[in-house]
Amino acid sequence: MRRFFTVGSRTLSYLDFGGPGAPLLALHGHYNEASAFAPLAEALAPQWRVIALDQRGHGASDRAESYARDDYVADLAAFHRHLQVGPVAVLGHSLGGVNAYQYAGRYADRVTALIVEDIGADVDVDWSFTTSLPRHAPSRDALTSALGAAAPYLECSFRQFTDGWGFSFDIGDTVASQQALSGDHWKDWVSVSCPTLLIRGTRSDELAADHAREMIARRAGQARLAELPAGHVVHHDAQAQFAAAVRAFLSELGDRPDSGSRP
């Protein structure tokens with residue numbers, strides 16, 4: 001079910017996939033939105049209740065003047081407070097992965113477990129793909145054709161406007177967000193104290209194998225690495241394996257449905 005809440009003067013949207021299970025907050029990456037987690041929510045039900053945020057400037061959420069690191073983390077804190085579900089597990093892909101581990105590192109008492117999908121602690125984003133995206137297409141088919149092999153990864157963000165087809169995100173906003181995402185985030189990564197699963201796609205062009213192993217080494221005993229046959233968007237390329245890895249990790253921790261009760 002789609003719901004909305006306000007943060008200051010902005011409205012943010014989220015999808016609550018429902019069910020009796022323990023809440024799992026999910027954060028998408030650039031070019032995506034909350035609906036990207038629908039297959040994961042179905043795969044994890046009924047043990048887990050996936051609640052996915054349309055992050056600022058994405059999906060049905062309002063655009064913002066700033067896409068700085070602290071702003072994304074503040075949105076997540078406001079989202080968590082709004083839900084009133086107590087400490088929870090948090091999952092994030094790419095942009096959402098950094099937001100997730102920064103939140104977990106800064107608010108340790110609010111996060112019981114962390115899943116980070118294919119993003120590092122030292123991020124250097126190439127936004128040339130973003131600036132090459134078509135800003136307008138006369139039809140959905142034309143937009144799909146223009147994107148080529150990338151179309152399946154962006155289709156959840158396709159939107160029809162009065163003059164044709166485009167995206168739910170703004171290209172300029174996305175570049176600003178990617179620029180702000182780039183940087184050294186090791187301090188936040190090593191500050192995380194909850195059990196963590198880092199998932200890497202073996203064909204990833206974003207998270208190198210050596211870097212992923214260094215991330216695990218710097219949090220020895222707290223974090224583990226799972227590598228799946230996929231590119232950067234692991235939850236799309238290896239859907240079943242991704243869901244199985246997440247389920248197994250959370251189940252081993254005993255993060256069962258009664259752990260997400262209200263405070």
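This is a predicted model: local features need pLDDT of at least 70, side-chain atom pairs count only at pLDDT 80 or more; totals for chains, interfaces and linings use all residues.
I began with Glu33, which forms a salt bridge with Arg159, their closest N and O atoms being 2.8 Å apart; a salt bridge here is a side-chain nitrogen of Lys or Arg within 4 Å of a carboxyl oxygen of Asp or Glu. The pair links distant parts of the chain, with Glu33 in the loop between strand 3 and helix 1 and Arg159 in strand 8 (residues 158-161), 126 residues apart.

Residues are numbered from 1 along each chain as its sequence is written, and side-chain values use heavy atoms, with hydrogens and water left out.

Next I looked up how covered the two partners are, taking buried as under 20% relative accessible area, exposed as over 50% and partly exposed as in between (1.4 Å probe, protein chains only). Glu33 counts as buried because its relative accessibility is 2%, whereas Arg159, at 26%, counts as partly exposed.

Another salt bridge is made by the side chains of Glu252 and Arg224, at 2.8 Å from N to O. This pair also links distant parts of the chain, Glu252 being in helix 11 (residues 239-252) and Arg224 in strand 12 (residues 223-228), 28 residues apart. Glu252 counts as exposed at 55% relative accessibility, and Arg224 is partly exposed with a relative accessible area of 38%. I also found that salt bridges with shared partners join Arg10, Arg56 and Asp75 into one network.

I then turned to the backbone. Most residues other than glycine have a negative phi, and most peptide bonds are trans. Tyr31, in the loop between strand 3 (22-27) and helix 1, has a positive phi near 75°, and Tyr31 is buried with a relative accessible area of 13%. Gln84 likewise has a positive phi, near 55°, and I located Gln84 in the loop between helix 2 (69-83) and strand 5 (88-93). A cis peptide bond, with omega about 0°, joins Ala45 and Pro46, and Pro46 lies in the loop between helix 1 (38-44) and strand 4 (48-54).

Last, I recorded the chain as a whole, which has eleven helices and twelve strands. Its radius of gyration is 17 Å, close to the 18 Å that the globule rule gives for 263 residues, so the chain is as compact as a globular protein of that length; the radius is taken over C-alpha atoms, and the rule is 2.2 Å times the number of residues to the power 0.38. Along its principal axes the C-alpha trace spans about 50 × 40 × 35 Å, and buried residues make up 55% of the 263 residues.

Key
Helices (H or I, at least four residues) and strands (E, at least two) are DSSP runs, numbered from the N terminus.
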